[in-house]
Amino acid sequence: MRTVKEFTVDIVRNPPISFPLIGLFQLLWLFGTIWSDRHEPFPDVVWLEVLWMAGYTFFWIAVCDLRKWGAIGYIAITVLNASLYLGGRYGKVPRDYVSDMLLIDILFSGFLVFYYKKFR
């Protein structure tokens, strides 16, 4: 069992440098989303964006630890988001259900596919 300090050192030193930087970006975007939605009542549909970002951030932290399940989870949540986006584009799903970072998440998923063999 690793301590928090060992875990933090591992997720910064083991992966390529872009992974922790993307993780920091995800974390800052999560906090920014929470900050921008703080005036909305909690069970509102606007808070789905925070849920998306929390999922992306959770899986990306696992990616920084070089875990395959983190990469698979991140790609799966991106595919779900893309399918909801396409459903919203054709009027089947409300537009509020889709994350604002879809194109960036597709790009990050491409990085994961490229580095997938290095995960454990």
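Predicted model: local features only at pLDDT ≥ 70, side-chain atom pairs only at ≥ 80, totals over all residues.

Residues are numbered from 1 along each chain as its sequence is written, and side-chain values use heavy atoms, with hydrogens and water left out.

Q: In what order do the elements of the chain run from the N terminus on?
A: Helices (H or I, at least four residues) and strands (E, at least two) are DSSP runs, numbered from the N terminus. The chain has five helices and zero strands. So, with that numbering, the order reads α-α-α-α-α.

Q: What percentage of the residues of the chain count as buried?
A: Buried means under 20% relative accessible area, exposed over 50%, partly exposed in between (1.4 Å probe, protein chains only). Applied to the 120 residues of the chain, that gives 37%.

Q: Where does Asp37 lie?
A: Contact here means heavy atoms within 4.5 Å. Leaving aside residues up to four places away in sequence, Asp37 touches Val46, Trp47, Glu49 and Val50. Asp37 itself sits in the loop between α2 (18-36) and α3 (48-64).

Q: Which side chain of opposite charge is nearest to Asp37?
A: Lys and Arg count as positive and Asp and Glu as negative, while His and the chain ends are not counted. A salt bridge needs a side-chain nitrogen of Lys or Arg within 4 Å of a carboxyl oxygen of Asp or Glu. Asp37 is buried yet has no salt bridge. At 8.5 Å away, the nearest side chain of opposite charge is Arg38.
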